[in-house]
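The sequence and the structure are shown first, and the description follows.

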Amino acid sequence: MKNRIHALRKEKKITQSELAEAVEVTRQTIISLENGRYNASLILAHKIAQFFSLTIEEIFIFDLEEENIE
Amino acid sequence: MILKTMFRLNPKGSMDNYLKVLKTKRIYFIGLFFISLGIIGVSFLLKVGSSIRSFSSGMGFGFLSVSILFILQNEWILRSKDRLKRKRLEEIDERNQNVSLQAMALAGRVMVFVLAVLTFIFGFIDPKISMYLSGIIGLTGFLYFCFYHYLNKKM
């Protein structure tokens, strides 16, 4: 699943460590999320959305084809 | 309760809760330390066969080293707020938890596969060992069945 975490973080001038601390995960998890290697759980997605004051859909881009659901 | 504290698969909760868990773990590992000393003492005092004595003293020393290691690690974490915070984050991090669970699942599958191969090979060499190995596979399957049904009801 693609996401806009990296772009949003740059926009708000927040470091990976700051975001990680705010949403209670390790910096490695933020790196993996930004690289698209790891999909956040619903709880983490909520926390990240709350942190950026956005909705989950505005941050995480769900692609049916990419997820092989179609 | 003891198992739940010692084998927490998905730890969650506040810093206070984590602190409580670490302090409880400390008590359990101190308990294990004294039990190990007891096992070692008994193995040297009792007049039993040398193989049983070696086995029980080996087990005692094994438990003793594990308990010392965990007591020291716990103290090291509890003595620094920074370490405590970092360790808690590592434990509650969902990616770390996923990685750990997947690694355990993979290790379990490989283990069963290796046991199955060994069971087949030992069938030609020593049928008794082959029987023990197939027993272990059976036990693993039974435990999987039990935990599957427990978790299926729980979720």
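## A residue of chain A

Asn35(A) counts as partly exposed, because its relative accessibility is 48%. In this predicted model, Asn35(A) belongs to helix α3 of chain A. Between Asn35(A) and His6(A) there are 8.8 Å in space, taken from C-alpha to C-alpha, although the two are 29 residues apart in sequence.

## The contact between the chains

Chain A contributes 12 residues to the contact and chain B contributes 10 residues. Together the two chains bury about 870 Å², and carbon and sulfur atoms account for 48% of that area. On the side of chain A, 54% of the area buried against chain B is supplied by Glu24(A), Thr26(A) and Tyr38(A), more than by any other three residues.

Between chain A and chain B there are 8 residue pairs in polar contact, both residues being at pLDDT 80 or more. Helix α3 of chain A (residues 27-35) provides 3 residues, the largest share of the side of chain A that touches chain B. Sorted by class, that side of chain A holds 4 nonpolar, 6 polar and 2 charged residues.

## Salt bridges

Side chains of opposite charge can pair when their charged atoms come close. Over all chains, the whole structure contains 6 salt bridges, and the count between chain A and chain B is 2.

Within chain A, Glu34(A) and Arg9(A) form a salt bridge with an N to O distance of 2.5 Å. This pair links distant parts of the chain, since Glu34(A) is in helix α3 and Arg9(A) is in helix α1 (residues 5-11), 25 residues apart. Glu34(A) counts as buried because its relative accessibility is 17%, under the 20% limit. Arg9(A) is also buried, with a relative accessible area of 5%.

Lys47(A) lies in helix α4 of chain A (residues 42-51), and Glu24(A) lies in the loop between α2 (16-22) and α3, 23 residues apart. Both count as partly exposed, Lys47(A) at 32% relative accessibility and Glu24(A) at 28%.

The salt bridge between Arg88(B) and Glu24(A) has an N to O distance of 3.0 Å. This pair crosses between chains, and its partner in chain B, Arg88(B), is in helix α4 of that chain (residues 81-92). Arg88(B) is buried, with a relative accessible area of 8%.

## Aromatic pairs

The whole structure has 5 aromatic pairs over all chains. One of them is the stacked pair of Phe29(B) and Phe70(B), with 4.8 Å from centre to centre and 10° between the planes. It links distant parts of chain B: Phe29(B) is in helix α2 (residues 15-45) and Phe70(B) is in helix α3 (residues 50-78), 41 residues apart. Phe29(B) counts as buried at 9% relative accessibility, whereas Phe70(B) counts as partly exposed at 35%.

Tyr144(B) and Tyr148(B) form a tilted pair, 6.0 Å centre to centre with 35° between the planes. These two residues are separated by about one helical turn, because they are 4 residues apart in helix α6 of chain B (residues 127-154). Tyr144(B) counts as exposed at 58% relative accessibility, while Tyr148(B) is partly exposed at 45%.

Methods
Residues numbered from 1 in each chain as written. Chains lettered and ligands numbered in written order. Predicted model: local features only at pLDDT ≥ 70, side-chain atom pairs only at ≥ 80, totals over all residues. Heavy atoms only, no water. Contact = heavy atoms within 4.5 Å. Buried area = accessible area lost by both parts, 1.4 Å probe. Salt bridge = Lys/Arg side-chain N within 4 Å of Asp/Glu carboxyl O. Polar contact = N/O pair within 3.5 Å; in protein donor to acceptor, adjacent residues only side chain to side chain. Nonpolar A, V, L, I, M, F, W, Y, C, P; charged D, E, K, R; others polar. Buried < 20%, exposed > 50% of the residue type's maximum accessible area, 1.4 Å probe, protein only. Phe/Tyr/Trp six-rings, centres within 6.5 Å; stacked < 30°, edge-to-face > 60°.
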